[in-house]
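Welcome! Please open your viewer, and let us walk through this structure together, one selection at a time.

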Amino acid sequence: SHITYIFDSCSRDRFNSLILLKHSRHPSPPLSMSSSLDIMIFPAEGHSSYQRGFLGLTAATVSGTVQIRTKGGKGLVTSKLVVIRFNGYEYTNFTKLDPIPRQRMKCGSTRHFLKDERIIWASDISAAETFTELNVPFSLTIPEGIHHSSFQHQKGGVQYDLTVLAQHSVKGLFGSKEYVAKATVNVPIASYLPLVLFPCYRWPLVFFCTTDSSEASHHGFAYDIRFLAYVYGPGDTVQAHIRLRRKRGSKSTLKTVFLGIKRYVVYTDAGAACTDHNEYIASREVGGLQWQTDESDSVGHLDLVTSMDMPRARTGDAGKLKYMTISYKIKIKIAVDGGSDLKLEAPVAVVGLRVEERKRVLNILRNRLDLVISEVAETLTDVIDVQREGGVLEMDLPLVYDDRVNL
């Protein structure tokens, strides 16, 4: 009654014959949804994620095990077919005020960019099989053209789902009745293509002006503000090194320093409806500041190192989808009395990979370029060489391709 299958695929002819049952001249009556089975979908044993491989850089799959059990492990169920569906889609969902009837109008669209349906288990056509528990492994290849990381915003996102359908029959007082049991899980997917799109993770972002500039006269001070990188991922620390020099003769006094990363999203739909949503996803404000003086500087200066943490939840990669355009800016405000507040901003890239994860992947692939898909192999090699020369690679990390973790 407990069956574990190592099932790779139906033969092509058998697969076609099963699909053709849908189009029979004498179709069976519609199947009822079942509550007699529990269906659970797990990642492959020893893995915490369904995804294996570095999507966008190497071959990648979604792998795991489907476990089908009768309720409470009691009773027998006769099963005929188990189908798995893997869907990827972009969606928007927002409301707009219609000015004529003065009513809220629901807007939004969905674009499916990935649809894959497979039979992962089937009984003999002539004889269905009876069980109380069925375990079926599966592995679905993510097409190389798919490069979207999954994320969820207030009015849209990108999502991947696995759905399992189990056709079976349950014997009752008046004979057997056909049912379908269904289960769906959300599958987080990370694209590693930003390793190629944004290779210079450790190039600093610098804002600068000197004490003899007109800008320093306007604000009452000169500034040198440096960020260690202009690309950030989930949970990364955004660190700012701030050096201010008071202009001689200025009466400015410092109040606060504000740092933030702001996300700008434009949502549309197929009907050309449009809305936007802007919000800070990370911020930090430091108060209680004052000019410092010493023997070498009687005018005043401030040296400050401060930081903010990116949210751990994955956000959309900077770029354009069909119904969403996503961008990010780092914003700085230094508030003063006796002068004009300083406001600075610059575009930054936010991606779905942490700095440490990027280091780990580069370390693995620099010795396993045979795993890299041909379209990005040359570019990735250049990235690895640049990062090595810049001392970015952590050479003490494992260099062996770890199949238990990555594939």
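## A tour from charged pairs to the core

Start by selecting E357 and R360: their side chains form a salt bridge, with the closest N and O atoms 2.9 Å apart. Keep in mind as you look that this is a predicted model. Both residues belong to helix α4, which covers residues 355–365, and they sit three residues apart, about one turn of the helix. R360 is partly exposed, its relative accessible area being 24%.

Next, pick K80 and E178. Here the side chains meet in a salt bridge, at 2.9 Å from N to O. K80 is in strand β6 (residues 77–92) and E178 is in strand β14 (residues 175–186), so this pair ties together parts that lie 98 residues apart in sequence. Colour by accessibility if you like: K80 is partly exposed at 33% relative accessibility, and E178 is partly exposed too, at 23%.

Stay on strand β6 and move to R85, then select E117. Between R85 and E117 there is a salt bridge whose closest N and O atoms are 3.0 Å apart. R85 lies in strand β6 and E117 in strand β9 (residues 110–122), so the pair links parts that are 32 residues apart in sequence. R85 has a relative accessible area of 31%, which makes it partly exposed, and E117 is partly exposed at 35%.

In soluble globular proteins, nonpolar side chains tend to be buried together. Select L162, F207, F227, I261, I330 and I334: these are the residues with the most contacts inside the largest nonpolar core, which has 80 residues. Which strand gives the largest share of this core? Highlight strand β24 (residues 324–337), which supplies seven residues, the largest share. Then colour domain 1 (37–190) and domain 2 (199–353): both give residues to the core, so it lies between them.

Zoom in on I334. Leaving aside residues up to four places away in sequence, I334 touches F221, I225, L244, L254, T256, V257, D341 and L342.

For the last stop, select Y192, L193, I364 and V376. They are among the 18 residues of another core, which lies apart from the largest one.

Terms used
Residues numbered from 1 in each chain as written. Predicted model: local features only at pLDDT ≥ 70, side-chain atom pairs only at ≥ 80, totals over all residues. Heavy atoms only, no water. Salt bridge = Lys/Arg side-chain N within 4 Å of Asp/Glu carboxyl O. Helix = DSSP H or I, 4+ residues; strand = E, 2+ residues; numbered from the N terminus. Buried < 20%, exposed > 50% of the residue type's maximum accessible area, 1.4 Å probe, protein only. Core = buried A, V, L, I, M, F, W, Y, C linked by side-chain atoms within 4.5 Å. Domains from an automatic or database assignment. Contact = heavy atoms within 4.5 Å.
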